[in-house]
2 protein chains.
Amino acid sequence: MSTSAAPFNRSALEQVLLKRFFYAPAFAIYGGVAGLYDYGPPGCALQANVLDIWRKHFVLEEDMLEVDCSIMTPAEVLKTSGHVDRFSDWMCKDLKSGEIFRADHLVENVLEARIEGDAIARNQEVEAKKVDEKKKKKAAKVSAVRLDDQVVQTYKEILAQIDNYSGPELGEIMRTHQIKSPETGNDLSEPQVFNLMFASSIGPTGQFPGYLRPETAQGQFLNFKRLLEYNNDRMPFASAQIGRSFRNEISPREGLLRVREFTMAEIEHYVDPAKKDHPRFKEVSDYALNILPASVQLQGKTDLVKITVGEAVKQKIIDNETLGYFLVRIHQFLVKIGINADRVRFRQHMANEMAHYACDCWDAEIHTSFGWKECVGCADRSAYDLTVHSNKTGEKLVVRERLPEPLTEEKLQIEVNKKVFGPRFKKNAKVVEDHLTGLDQCTLEGLKKSFDDKDSFSVNVNNEDFEVTKDLIAKFEKVSVTTHIREYTPNVIEPSFGIGRILYALMEHVYYVRPEDEQRGVLGFPPVVAPTKCLLVPLSSNEAFVPALNEVSTLLRKAGVSNKVDDSGAAIGRRYARNDELGTPFGITIDFQTVQDGTITLRERDSTKQIREKMSVIVELVKDMCEGRTTWEEVQAKYPAFVGQEVSE
Amino acid sequence: MSTSAAPFNRSALEQVLLKRFFYAPAFAIYGGVAGLYDYGPPGCALQANVLDIWRKHFVLEEDMLEVDCSIMTPAEVLKTSGHVDRFSDWMCKDLKSGEIFRADHLVENVLEARIEGDAIARNQEVEAKKVDEKKKKKAAKVSAVRLDDQVVQTYKEILAQIDNYSGPELGEIMRTHQIKSPETGNDLSEPQVFNLMFASSIGPTGQFPGYLRPETAQGQFLNFKRLLEYNNDRMPFASAQIGRSFRNEISPREGLLRVREFTMAEIEHYVDPAKKDHPRFKEVSDYALNILPASVQLQGKTDLVKITVGEAVKQKIIDNETLGYFLVRIHQFLVKIGINADRVRFRQHMANEMAHYACDCWDAEIHTSFGWKECVGCADRSAYDLTVHSNKTGEKLVVRERLPEPLTEEKLQIEVNKKVFGPRFKKNAKVVEDHLTGLDQCTLEGLKKSFDDKDSFSVNVNNEDFEVTKDLIAKFEKVSVTTHIREYTPNVIEPSFGIGRILYALMEHVYYVRPEDEQRGVLGFPPVVAPTKCLLVPLSSNEAFVPALNEVSTLLRKAGVSNKVDDSGAAIGRRYARNDELGTPFGITIDFQTVQDGTITLRERDSTKQIREKMSVIVELVKDMCEGRTTWEEVQAKYPAFVGQEVSE
């Protein structure tokens, strides 16, 4: 990447993105709706290219089973998955104006502004360049108030674990630190829970509630049985899905980073809980990542640890090989599409911020001008989802594996004495018996102890206690059981990609301005993701260029290289500038020499260097660079630089 | 396509599609929800391939601007577009059981069943094979009642224009023909209107209503200004979008044909209303289509007319070249993906069935075992959408074109006499004046006539009449006006594809059973859309085959040919049978001769014929066939058939 002449300027980038219609607020002519965006032609093409790489990198490379499931989801499914009760944020209300805030963001913004104000007051040098627009505004708003060292320290500690607080804890912080409604200074309500799903109703009766899915995962879990069968019952395997999800954010902000509707790409990798190793782990074990474990954050710190995945798994910082393998694959993907490797870190979730379904989670966070932002989550969802859906529906969502050799074990078995059991428990007899015979070995061991000691034990079924005495039991002893089949509920490792966030971070990372001209912004996309690969520029609108122009265009199209002709007649420099903003990596010029000898010049965007070769050679080179088989550096090493002028007559 | 040994059997096809997980009812383990489906791995790949062809055939070939817009849509937008008031079907309710029916479907089903019953009663030979499952059930349910010839004729006439009735008309038919709730025989309510959009609410206040988009079109219209600018203000041009839309159908039925959530691919082609010709029309004018004009249907007939598009446009059966051009392009696309050309017709909408935004509409209907089904709509939406959004928001959604030379016209101009006008109309003076000065030339001509004849005219503004007398008018005469710019609202021609319906029709069209074995179903997808292109079969699980297997697989992957290895150890015939059901067009066998000389056998699914060549030759041939550059017939003509056996040791 070229080095930029100027420090990163977010508003300049945003202007380019809007002007070139990478994306724009949706429904803008109606005033827009916070958190909803439309992608224009270059944004749409960029997204398609990134998804195409994603599909090759994950689905094809690892033979995953891709599915495409329903977005509209019955409430019952999301009740079972826990989303109806627990997929929520904390909001609080300005008690007079009625304005609504997301509680954790409010605390974060206010404390950051106070620290800023303190810094100004201390007359420290506030490095103006590093303070982004929003912070500037905030800083301008807060008075420069000097705080005690101890207070600043407390604020910093709160901020380091801002994602870790419950609603009541946030309320406590707001009271302790006198946090009010920022614009009005009014009092705020206690944080209240707000469910983030969009609700609707399915069918004409109005009596069948549904939600828009908040993640693509549930559709994959519900199809587990079909997928396992499709995979010829082989384990481990993964399903994958690319699609739209919806979250009714309390206060969307930061452009594409927090939106209400977004494209996700999710992988559900089903693994034997007893074998979380990964066959390809050794291929990646030397790969080093920047990580931020939960233990570090809980000390109120954010220092990164650079460590190989092999070492991190060995030290149990990362729980298992499969999780480690996917962290590396995620990192490789991000780098492949053009994300700056130095600006990626993996942050482990702290206990309270973990989603209700996860038992461990690492976020791939990408550094942007808004700070570190979660762009990919990689959660170990354990057997949570398959278990709850199975319990609810009675459908077994398990793997049954023939054991290499039959396994004979001593197992506790319990049998009731029906003659006494029925009359004693009457209408409850059936459920109590089912409960007893369904108990796992561990629980049975406990009961057996009590049974041997006291000739009875008690069980709780449907919130009612039942005393089971010796006379009720026909048999309660170890018997030798031979099994040929092992049955287990797989665990799920889930890498989950927020595509819009990744695209935004990518656009920040590749954006620079020409060293020779600060007004000239360039989106330095790697060829493989660039929306348009090649610009075709005839030197002028002279009719003589048309046949060659059509020939190159057809050759490129056949080679699968997207290209645009600019025959607008503007100066060539101006035509290139427009395409700098679109991130088009290559430009081909057709001049009078082309008409004579069939050669064309190829110009590369970042270096602005050129070569001149026969049409067929150039097309092949462009194709190879766009498909990642070679690079401009290699091409330059092989072909002489063309330093002449285009032949204008 | 191979001819089938047996007539089409829908339930056999459905079993294959479910077993191989092309698609399945969504949320099946929760009992499912009518009208919601999930695509499994082969269905998902089939869909991706069809969309890829769609993108190449339309977006790339015609340089369209692809966008990706928000699904969640503020109510105000859909109020303006007319969907809140008019995007609805008629439903009626069983007055006792509460069961809800879509009124037109109910009438259709009942009358069809009666005609069936009559046919049985007449002891006509009901060709059992042509009667599908559902009709059989219906026929079994209705008693075989003989009807008058006249009644049968009336029923047939109603059915021919079933899509043309309003709710009250359906109610009238139900009363006249004694239509009751089919299962219970109970009375039914009058047809009531039911809006087909899924409603939700955006943001935390609950006070910002939204709907899930019922079509992808509105997002494109709202971005018209940005898109025109992106296209350097050139006309005509088209935007396109592929994405999910939602319709809360009253009673979804017929599998993928009527669902509540579906992927659409829509094109909005913006055209100068004064120039609806198309630059490429002459390329397609000799292309013949089967069409069913509205005029024929209104006579209660369904006879197809075979006519070239050139002739149809000339005769004004098809309104204009652009519409005609797209009908051909749609037909070409359908044939390309494998739809049987003889089973496609273009049916023109009758006045009452036209969507509220359309002024002309032709559906590409594909024949399936459910009858003729609309799979692509091609509507002329005129300037409807851009006009209503522009009026509502005040944002000009127009094209401004510099005229080749300035245009000087005589135009009627009206000017009020403010001194008298104000006092006379008081608070209404402003609106009446604005009304008068905003009138178009045609209306002004009319008023001028009355004005000249009677020295006054009357206008209606906001439902109030105003008499405008001579003393109120300062000037009302022709003046010479010179314009340099022509401003107009483009008309929109909209080809709109229901992808799920097309996929289902395709699967019906390509399905057949092996002549030699009725149990063996084949999905004869053209290679270009087949979910998996190539099956790799080692003769046995012998280790000796592994290197060659890996080599072929890598070569195919590099060539972009999706392939699966089946090393399951089942008999080769059985492995091929499984892949017949998945529609895999090619099979490559690796045997001991491969190990010796590097040759492999290539088998084609439909002919079951084989050739044997070097690995690199076969891979190249498969790639060419999958990308449509050559066909199996051509390959067979060039390479000798391999009739030997695989070398098993």
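Let me start with A:Arg603, whose charged end sits over the ring of A:Tyr576, 4.0 Å from its centre; a charge counts as over a ring if NZ of Lys or CZ of Arg is within 6 Å of the ring centre and within 35 degrees of the ring normal. This is a predicted model, in which local features need pLDDT of at least 70 and side-chain atom pairs pLDDT 80 or more, while totals for chains, interfaces and linings use all residues. Residues are numbered from 1 along each chain as its sequence is written, chains are lettered from A and ligands numbered from 1 in the order written, and side-chain values use heavy atoms, leaving out hydrogens and water.

Over all chains the structure holds 40 aromatic pairs, meaning rings of Phe, Tyr and Trp (its six-membered ring) with centres within 6.5 Å, called stacked with planes under 30 degrees apart, edge-to-face over 60 and tilted for the rest. B:Phe421 and B:Phe425 form an edge-to-face pair, with 5.0 Å centre to centre and 80° between the planes, and both are buried (under 20% relative accessible area, with exposed over 50% and partly exposed in between, for a 1.4 Å probe and protein chains only).

Turning to α7(B), we find B:Val152, B:Tyr155, B:Ile158 and B:Leu159 buried. They cover an arc of only 125° around the axis, which puts them on the same side of α7(B), the arc being that of the directions from the helix axis to the C-beta atoms. On the other side of α7(B), B:Asp149 and B:Gln150 are exposed.

How values were computed
Helices (H or I, at least four residues) and strands (E, at least two) are DSSP runs, numbered from the N terminus.
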